[in-house]
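Subject: Structure handover

Hello,

Please find the structure below. My notes on what was found in it follow.

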Amino acid sequence: FLISTYNKMWKDAQRDLNIQLQREKDFPQPEKDHMKVFEMLATSYIKYMQIFQKLEMAHDQLTHQQKRTIIRQVLDGVIGRILEIKKEMVELEHTEFHYMINILEDLKLIPQNIEVPIPRYFIKDRLEILKQREKTLDEILINAGLITEKPVEVMTFEEAIKVIQVAERARQGRFRAARIKKSYLREKRRKQMKAQDQTSPSPNPNDAAICIQKAWRGYIQRKKTKKMREEEKVFLGLRSTPPLPEERVSQTYEGYVKPLQGEVQERNEEAFKDKLKETEGLYFKETLQNEIEQCFIECRHIVGKFPDYPAEEAGGSKSILSDTTPEQVAEKLAAKKMMELQKKDEKEKKGKDDKKKEKPKEKTPQKSGKKEEEEGWKMTPSNFLSIMEEGDCQHKAFWHNRDERWDFLQDFDPEMIKDKKREEVEEEIRVQVDETMKEKVANLKLAVDGDKGDKKKKGKKGAKVRAASWRGTREPNLMSLVCRTIDSLYRELVEERLLIKAETVNLHNYIGKYNCVETPPHLVNIGPMPSLGDIRQLIALYGILPLGSQTVHEKAPLVKALLLAGPAGVGKKMLVHAICTETGANLFNLSASNIAGKYPGESDVRMMLHMVLKVAKQLQPSVVWIGETEQVFSKDAAKDEKMSLKRVEKMLPEFLKAVKPADRVLVVGTTNRPFDANIKPFCKFYQKIILIPRPDYGSRFGKYFMLWKHFIWQNGGEITSSLNFSCLAKMSDGYTQGAIVQAVRAVLSELRLLQMIRKPLRTSEFMASLATQDPVYREEEEAFQ
């Protein structure tokens, strides 16, 4: 049933994708109406996001290897297309936040339906590598004395015997009590049946059925009534049951089921390869040798001698086993030598002619004073439409009308694996046959034609070694890095605390509501007010999705540097750790306070950044975190720190330039005082600047996202009807998430948690604790804006 459900989900996603690809071709271009363009882009964004959610769920739950491969290809294409459409929307509206609630209403959707899912294969495909890397990191930290192992309590032999005796006596006592109780109940039941047989007639089966029906209907009605009462209280605002305990159940279920699915998904395909070598390898080898021999013999009959055996660079025996006649093969082999000689002559003549000829100067066209008329908006070419179309064609060709009733296990298709591995086996055997036949043809030429072959002249070793990508590699510090291994650089960065262990926190733990309120008329030019849900979506789009997939990172719009700005306590550091957790990325800490005094000289700073970049590229994905980044770009730094931070500021653009699309490396800066930085280089370095606001009323008190309830439950508190969350949400206006967390932790001490059974939590306790925290004042908000 589950397999058919996810197969249907995949087919529905492919059908929606096919419709969306057809709409992409029918986009009216050029279009001058910006409102109409935004509606088209927003609708496509929402449709692709729904397809993305279905494909991600199907890819995670299906165990069929070939299906997962095709879904993964389409999934990467859909992710990349979402990022491209997001870029078009940003360039059209000149803002990162978009108001799409009207379009969602037309499509009968809510903002939670376009929540960006984090593909689980980002971690599952690299789980063993991540476990080994975490183990290595812990060993380095323990050996360096940066962390200490938890002491293991050693128990004496007498204490161990006493513990075992106590446990065994308790077990025997429980077993004896259960046996006595069972015997007592059995005797009691026997006496009751004996007394019933003496007083009442034989039991009627209809009466027994009616009795069971009464008990069951009563149970069902009590359950429905309880549920209706809870829903009524939630509707009236008297109570709101937290959905968090249900998440516990789902996590437990996933932890129980996922390992079994992982074992099925990780089937070893090499067994089919070895089996094909045993069954079909010998036949293919003999057939290939006979064909090559026959081809060379026919060529000798036509030309008069054996031709040269094709080199491996030219394709080897592939070049002579095409659908051509022996005469054509002989002509090709003979014409190949003539072409090489002609190319050499042409190069020599061309070099002489280029020296004689001088190119005439081109006249620059005169600039016309008239302005070009606006042609309207046009969609930029996509790098992912071809990927999605190819996956759609494969789905239609192999899986759309496939009868899978015989495949009960749904793990893999043996015939498809054999077809795939057969090509690899044939290629390996062809290389072996080529080596054997080269010697055989050479012996035949020597014995029959008396040809010893052309002696190849040794070419001069004129290959020039390119210098390193950064200038200044002649410096001794950088030259020493060339000879060092990645393991030694990794160890040094860990010992210097430049590579740290990321905290385990998921993106969905960053609680916040989407903005569902239209921008007021006097703020239309400024753009919609962002909410925490919008921030969570941007972090997923710009940070997590490109880092998790190599294909997406190479072809999607590239964001190398991301800045998170906002007041203290809004969760900037948490979002950095969430990016690393969701993608399994290494975290490099280049905060101003962390690098102070470690690499003081200019060459030392360059060596530090070179080490970080080298390790980050080798062990990608990687996140380079620059905390307190305004100090790096600040004019008012202290004299001692000013020189080192100024060097870092000058070298960071070179560091960013060395990051290529194939390198999954992201620079993330965090700051709570961006107005202290030198604005011009500061904004030039960071490609995306995201302002994180304080939580609004919907995030502090909402049906799906409620900060107060989440933090109280997370710290061990019990949710009761005596807590007025509406009052807490209203009175905490102007405070950040960090202030709310501090207020909750101050109230829920160990002593207060013990008293909670007889003394429930009250609203006034949290209000008194919140009053000791500092809010975000209006002047600070205006400075951020």
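A residue is called buried under 20% relative accessible area, exposed over 50%, and partly exposed in between, using a 1.4 Å probe and protein chains only. The model is predicted: local features need pLDDT of at least 70, side-chain atom pairs count only at pLDDT 80 or more, and totals for chains, interfaces and linings use all residues. Residues are numbered from 1 along each chain as its sequence is written, and side-chain values use heavy atoms, with hydrogens and water left out.

Salt bridges

The whole structure holds 24 salt bridges, each being a side-chain nitrogen of Lys or Arg within 4 Å of a carboxyl oxygen of Asp or Glu. Helices and strands here are DSSP runs (H or I, at least four residues, for helices; E, at least two, for strands), numbered from the N terminus.

One of the salt bridges joins the side chains of Glu24 and Arg81, at 2.9 Å from N to O. Glu24 belongs to helix α1 (residues 2–25) and Arg81 to helix α3 (residues 65–93), so the bridge ties together parts 57 residues apart in sequence. Glu24 and Arg81 are both buried.

Another pairs Lys124 with Asp60, with 3.0 Å between the closest N and O atoms. Because Lys124 is in helix α5 (residues 121–124) and Asp60 in helix α2 (residues 34–61), this pair ties together parts 64 residues apart in sequence. Asp60 is buried, at 3% relative accessible area, whereas Lys124 is partly exposed, at 29%.

Lys501 and Glu134 also form a salt bridge, their closest N and O atoms being 3.5 Å apart. This pair links distant parts of the chain, 367 residues apart: Lys501 is in the loop between β1 (499–500) and α16 (532–548), and Glu134 is in helix α6. Lys501 is partly exposed at 38% relative accessibility, and Glu134 is partly exposed at 41%.

A network of salt bridges links Lys8, Asp12, Arg15, Asp16 and Lys54.

Helices α6 and α15

The axes of helix α6 (residues 127–143) and helix α15 (residues 486–495) come within 10 Å and cross at roughly 60 degrees. Axes are lines fitted to C-alpha atoms, for helices over the stretch in contact, and angles run from 0 to 180 degrees between N-to-C directions. The two helices are therefore oblique to each other (under 35 degrees is roughly parallel, over 145 roughly antiparallel, 65 to 115 roughly perpendicular, the rest oblique). From α6, Arg133, Leu137, Ile140 and Leu141 make the contact (heavy atoms within 4.5 Å), and from α15, Tyr490, Arg491, Val494 and Glu495.

Regards
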